[in-house]
Amino acid sequence: MSKETIHVGLIGTGAIGGLHADNLMRRTLGTRVVAVMDIDPERANAVAAACDGARVHADAGDLITDPAVDAILIASTDRTHADFAIACIEAGKPALCEKPLAMTVADAERVLRAELTAGRRLVQVGFMREYDLAHRDIYDLLHGGVIGAALKFRSVHINPRFIRELTIDSVITNSLIHDIHSARWIMGEEISSAYVQWVPTDPASPLSARLAEIQVTFESGAIGSLEYNGDSGYGYEVTVEVTGETGSARTASHPSPSLRQAGMASRAITPSWPERFAQAYRDEVQAWIDAIGNNEASGPSVWDGYLSLVVAEACIRSAEAGTPQFANAGERPSMYQ
């Protein structure tokens, strides 16, 4: 698509949709939001007004096929992602689909088959940690050979408080899905098995999850630990550490400066995910728009979205069975090599 300005249609105007709309309109070169759709008309109209009077659609399908829309950003509720992504593929329009790509492996397979049938990559999945400089530094150190071959991956994902209480299944597919992808991407290999343990929020609700941990094994034999805390009570943190044969690398816990005052040393903790990953979200959208303008595909692919759900499904089986479960990746299609 050779255009100076890429016209984007936005589906979903909640917290993440509003963030994307603001970034597209105020902080992204070569783009403009021209259409908006949300099941909440009041919210849709408010975001459309902030986007210089973008057209408001009552139906996502109408937005996707709107001739004025060049590309679509899908930020609607998780259960809609697969169907909307397929509609974008069938319309021949590039899409940035927020994570997860789908709710189940079966639905992710439908998206995968649709894109393979189309014969080209059209959907980028919103695993924005690939655009976070701290994560990229770890990736570069590992793949640059600085710490030797990887032996262990560890991530910690800490939330300040519950936005809503989640079951262990929802924690895996909605929150830990980010960490699953980070593990696959940074290690450069697939997860072959997973074992899940968790602490319920309420003993009377055993499937609720306040804290959870996934222990994984990679195809090379390396091991990993992915930890989630849904209600830390103090702030938001995401850290990653890789132990290699000749050294280790770890992201900094906090981006804030160290303060020494009145006999104390302290550092402020990021209050929430929009602040912690603000630049990553901006860089993600800019890379997506640049790729569209250059008739290229970049970033996390449908295959990445599918594989993350294959691992997530193994995690859910593990939670149900209380034993490690295998994640069968299958053969990577040549289009995603």
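1. Helix H6 (residues 133–143) lies across strands E7 (150–158), E11 (237–244) and E12. H6 runs at about 5° to E11; axes are lines fitted to C-alpha atoms, for helices over the stretch in contact, with angles from 0 to 180 degrees between N-to-C directions. Helices (H or I, at least four residues) and strands (E, at least two) are DSSP runs numbered from the N terminus.

2. This is a predicted model, in which local features need pLDDT of at least 70 and side-chain atom pairs count only at pLDDT 80 or more, while totals for chains, interfaces and linings use all residues. Residues are numbered from 1 along each chain as its sequence is written, and side-chain values use heavy atoms, with hydrogens and water left out.

3. The axes of H6 and helix H7 (residues 168–187) come within 9 Å and cross at roughly 35°. Their contact (heavy atoms within 4.5 Å) involves His 135, Arg 136, Ile 138, Tyr 139, Leu 142 and His 143 of H6, and Ser 182, Trp 185, Ile 186 and Met 187 of H7.

4. The open sheet has 7 strands in the order E12-E11-E7-E10-E9-E8-E15, with mixed pairing. Strands E12 (248–250) and E15 (325–326) are at the edges with a single partner strand each, so one side of each lacks a neighbour in the sheet. Pairing requires at least two DSSP bridges between two strands.

5. Within the sheet, E9 (residues 211–218) and E10 (residues 223–229) run antiparallel, joined by 7 bridges. Ile 214 stands opposite Leu 226 in E10.

6. Just after helix H9 (residues 278–293), Asn 295 takes a positive phi of about 55°.

Notes
Expected span 1.5 Å × (residues − 1).
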